[in-house]
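Me: I have a structure open here and I'm new to it. Can we go through it piece by piece?

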Amino acid sequence: MPREWDEVKYEVAVANRVLAEVGLATGFRASLGHASMRLPNDPDKFVVKGRGYAVDALHSMRPQDMIVVDIEGYKVDGPVGSSQPFEVIMHSSIMKARPEVNSVVHVHPHYTVLATTLGRRLRPMNQEGAQLVQKELPVWNHVKTVQTEEEGAEVAALMGDSPAILLRGHGATSAGGSLEDAVMTMMQIEEQAKMNYWAYSAAGPDHPYLEDELVDEMSGRTPLPQLPHFAQVLPSGWRPRVGGVWQYYTRVVTSNPEAKPEIGRP
């Protein structure tokens, strides 16, 4: 087995554990969801959390549990007796349609699911993730799982170049250039959905939200190195690396001595 496969299996196992750690796959939804990542040197294959394990919960995923799948959704490698996730075609269809996508995440987030069932558009409510919902996210108006090629192609087409698609009464699927991108997108969409629900409950269906001009102000700011109080400490061309949340949770799920079975680097 190529070493790259081992490394990507480790990263995908960690990402699945993070989805559980942040509450996107817990309780009776502990086994519902999956993260995937393309193989960098073989982009027509990807690694994904599968089905058929003795403990089929995202919190317990190990690298050796991961499944290697080809771009059509067929299993290439994985534990004996295991299978691809039931909605593997959603991953493969999105990756086929969008070569820039290296990772896909699907989970059943509580507040996001509730918003889709209520037919409520997610509106920007706070800074974290505001730009993700500034434009209305596409909604696949079905509760069923995405299992056929036709369904996968329909979801991918409806998603277009959006960072995510909502599945009515079912869940959400995000896509990104990396596992971090796809997972953080899902976390922030669920945060926006939660804030929408709270506002709906407190102020009614016509509750206030952040207007476009306020969200647009978040883009196009003066680069920090050009501000006088940062010019002496930040080099020209510096760009912020805002990855603390991802780094924190990946450390939690890989170093927690109570997390069983233990996860080990290849």
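This is a predicted model: local features need pLDDT of at least 70, side-chain atom pairs count only at pLDDT 80 or more; totals for chains, interfaces and linings use all residues.

Me: Which helix does Leu19 lie in?
Reply: Leu19 is part of helix 1.

Me: And is Leu19 buried or exposed?
Reply: Buried, with a relative accessible area of 0%.

Me: Which residues touch the most other members of the largest nonpolar core?
Reply: Leu19, Ile94 and Val183 do, in a core of 62 residues. Helix 1, residues 3-21, gives the largest share of this core, ten residues.

Me: What is Val183 in contact with, apart from its neighbours within four places in sequence?
Reply: Ala15, Val18, Leu19, Val105 and Trp246 are the contacts of Val183.

Me: How many residues of strand 1 are buried?
Reply: Seven of its seven residues are buried, so strand 1 is mostly covered.

Me: How do strand 1 and strand 5 run, parallel or antiparallel?
Reply: Antiparallel, with five bridges joining strand 1 (residues 33-39) to strand 5 (residues 103-107). Gly33 has Val107 as its bridge partner in strand 5, and His34 has His106.

Me: What about strand 1 and strand 2, how many bridges are there?
Reply: Four bridges, again in the antiparallel sense. A hairpin of two residues joins strand 1 to strand 2. Leu39 has Asp42 as its bridge partner in strand 2.

Me: Which side chain does Asp42 meet in a salt bridge?
Reply: That of Lys45, at 2.9 Å from N to O. Lys45 is partly exposed, with a relative accessible area of 21%, and Asp42 is partly exposed too, at 25%.

Me: How many salt bridges are there in the whole structure?
Reply: A search finds nine salt bridges. One of them pairs Asp56 with Lys49, whose closest N and O atoms are 2.7 Å apart.

Me: Are Asp56 and Lys49 buried or exposed?
Reply: Both are buried. Asp56 and Lys49 also belong, with Arg51, to a network of salt bridges.

Me: Where does Asp65 lie?
Reply: Asp65 is in the loop between strand 2 (42-48) and strand 3 (67-70). Asp65 counts as buried because its relative accessibility is 8%, and buried means under 20%. Beyond the neighbours within four places in sequence, Asp65 is in contact with Tyr53, Ser60 and Pro79.

Me: Changing topic to helix 3. Which of its residues are buried?
Reply: Helix 3 covers residues 110-118, and Thr112, Val113, Ala115 and Thr116 are buried there. These four lie on the same side of helix 3, because they cover an arc of only 160 degrees around the axis.

Me: What covers the buried residues of helix 3?
Reply: The cover includes strand 7 (164-167), strand 8 (171-176) and helix 5 (179-203). Just after helix 3 comes Gly119, with a positive phi of about 70 degrees.

Me: How far apart are the end C-alpha atoms of helix 5?
Reply: They are 36 Å apart, which agrees with the 36 Å that the 25 residues of helix 5 should span at 1.5 Å a residue. Gly204 follows helix 5, and its phi is positive, near 95 degrees.

Me: Which residue does Glu191 form a salt bridge with?
Reply: Lys194, with the closest N and O atoms 3.4 Å apart. Glu191 and Lys194 are three residues apart in helix 5, about one turn of the helix.

Me: Why do residues three or four places apart point the same way?
Reply: An α-helix has 3.6 residues a turn, so residues at that spacing point the same way.

Me: And what is the relative accessible area of Glu191?
Reply: It is 25%, partly exposed. Lys194 is partly exposed as well, with 23%.

Me: Back to the start, then. How far apart are Leu19 and Lys194?
Reply: In sequence they are 175 residues apart, and in space 16 Å, C-alpha to C-alpha.

Note on methods: Residues are numbered from 1 along each chain as its sequence is written. Side-chain values use heavy atoms; hydrogens and water are left out. Buried means under 20% relative accessible area, exposed over 50%, partly exposed in between (1.4 Å probe, protein chains only). The arc is that of the directions from the helix axis to the C-beta atoms. Contact means heavy atoms within 4.5 Å. A salt bridge is a side-chain nitrogen of Lys or Arg within 4 Å of a carboxyl oxygen of Asp or Glu. The expected span of a helix is 1.5 Å times one less than its number of residues. Two strands pair if DSSP finds at least two bridges between them. A nonpolar core is a set of buried Ala, Val, Leu, Ile, Met, Phe, Trp, Tyr and Cys residues joined through side-chain atoms within 4.5 Å.
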